[in-house]
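Here is a short briefing to read alongside the coordinates. Have your viewer open and follow the topics in order.

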Amino acid sequence: PPAHSKPCVSITDMAVRYVCYKGINFPPGYNSEQSLRFAETQFRVRDDDVFNVTYPKSGTVWMTEILSLIRSRGDPAWNRAVLNSERSPWFSTQLGLDAAQTCPSPRLLTCHLPLQLFPKAFFSSRAKVVYTVRDPRDVVVSYYHFSKMCSSYQDPESFAQFLEDFLRGDVPHGSWFEHVRAWRQLKGKDNVFFISYEELQQDLQGSVRRLCQFLGQELEDADISSVVENTSFQAMRENDKCNSTLLPRNIMDQERGTFLRKGVCGDWKNHFTVAQSEHFAMIYRERMRGLNGAFPWEWG
Ligand code: A3P
C-alpha cells in the first residue's frame, strides 16, 4: 500500500463517526448537531447557574464532585445517592438537555464546549463559570486511555498517532490550545473562575476555600474538610455515582480501562519519548505565545 495509507481499522472503529458542528468534532451518541446548536443559541441560562467547564480529561468529574459537595455544605449524601450526570447535567448533549431544563435552581451544569459554542445567553447573565485546566501532556495521556475504553471515541491507533492528532487539534472537542486560549481571555471577569488540576492536587483545601469564596458560599471548617475528604481520588473511586462503573459496557468498557485511572500529575513522563516531549514543548511555546508562566506546569 502507499506509504500514506492508514492501516486497517476494525469494524467497531469504523462505526464511530464524530458529529461535526461548526468545524469541531464531538463524540456521537450523546451529542448531535441539533443539541449543540440548541445549547449555543437557545439554551436559557439562569442567573444562579454555575457551569463546570473543561477541555476533556482536565478534572471535570472531580470538579463536579467538589461543586456538589460545596453546595451540600460537605454532606456527602447527595453525591452518594445521585449520579453525577444528574447532579450536574451535560446540557449540550441530547440526554443531558432534559435533565438540565427540569433541574431546579440553582443548577450545576457541565460541558466541554469551546468558548465560541458556549450558550450565547451566558454573556448577558450573572451565571458563573468554573474553568479547570490541566497540563496538556497529562491531558493527552489521559485522553488516549479514555478513548480506548469509551465506545463513542475512535480507538487510537497508537499513542504516537494520538499525540500527533492532539497537537493538530484533530481530536473530539477540538484543539486544547484553542480551548484554553479562548477561555483564558475571560480571566479577570468576576463571574469566571480559573483553576488548575495541579492546584487541586497541591492544595485541595485551599482550592475549595477559594471556590467557596467565588460562589459566595460560606462553609464551616468541618464542612470544608468533608468536601476535601469526599473528593479524594480514593473516595471517588469508591463512589459508583461518580466512578463511571454504572455506565453500560457498550458505553464505557471497564475491561479496557478505568475511568478514574491514576489521578496524578506528571504521568506523561511514563508515556512520552524524549523526542515527543521536545516536539510537544516546541508546539506548546508556539501556540501558547504570550501565556508563558500563566500555568503551574513546568517544562524541562
Ligand atoms: P487520569 O486518566 O490521568 O487518571 P475528566 O473528568 O475531565 O474526564 O478527567 C479525568 C481525569 O481526572 C483522570 O485522569 C482521573 O483519574 C482524574 N481525576 C478524577 N478525579 C480525581 C481526583 N479526585 N483526584 C485526582 N485525579 C482525579
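Does H9 pass H14 in a left-handed or a right-handed crossing? The crossing is right-handed. Please keep in mind that this is a predicted model.

**The H9 and H14 pair**

- Two packed helices are described by the angle between their axes and the distance between the axes.
- For helix H9 (residues 176-184) and helix H14 (residues 274-287), the angle is about 35 degrees and the axes are 11 Å apart.
- On the H9 side, the contact is made by Trp 176, Phe 177, Glu 178 and Arg 181, while H14 brings in Ile 283, Tyr 284 and Arg 287.
- Sorted by type, the residues of this contact are four nonpolar and three charged, with no polar ones.

**Around the ligand**

- The ligand is surrounded by 19 residues, and the closest are Thr 60, Ser 142, Tyr 197, Lys 262 and Gly 263.
- In the side chain of Ser 142, an N or O atom is 2.7 Å from an oxygen atom of the ligand.
- The side chain of Lys 57 also has an N or O atom facing a ligand oxygen atom in the distance list, here at 2.9 Å.
- For Trp 62, a polar side-chain atom lies 3.2 Å from a nitrogen atom of the ligand.
- On its own the ligand has 570 Å² of accessible area, and the protein covers 97% of that.
- Helix H3 (60-71), helix H10 (197-202) and helix H13 (233-238) are the elements that give two or more residues to the shell.
- H3 gives the most, with three residues.

**Backbone details**

- Most residues other than glycine have a negative phi, and most peptide bonds are trans.
- The peptide bond from Ser 105 to Pro 106 is cis, and its omega is near -5 degrees.
- Pro 106 sits in the loop between helix H6 (94-102) and strand S4 (108-111).
- His 173, a residue other than glycine, has a positive phi near 75 degrees.
- The loop between helix H8 (159-168) and H9 is where His 173 lies.

Key
Residues numbered from 1 in each chain as written. Predicted model: local features only at pLDDT ≥ 70, side-chain atom pairs only at ≥ 80, totals over all residues. Heavy atoms only, no water. Near = heavy atom within 4 Å. Polar contact = N/O pair within 3.5 Å; in protein donor to acceptor, adjacent residues only side chain to side chain. Areas by Shrake-Rupley, 256 points an atom, 1.4 Å probe, with all protein chains shown as cover. Helix = DSSP H or I, 4+ residues; strand = E, 2+ residues; numbered from the N terminus. Axes fitted to C-alpha atoms, helices over the stretch in contact; angles between N-to-C directions. Left-handed = near helix turned anticlockwise from the far one by under 90°. Contact = heavy atoms within 4.5 Å. Nonpolar A, V, L, I, M, F, W, Y, C, P; charged D, E, K, R; others polar.
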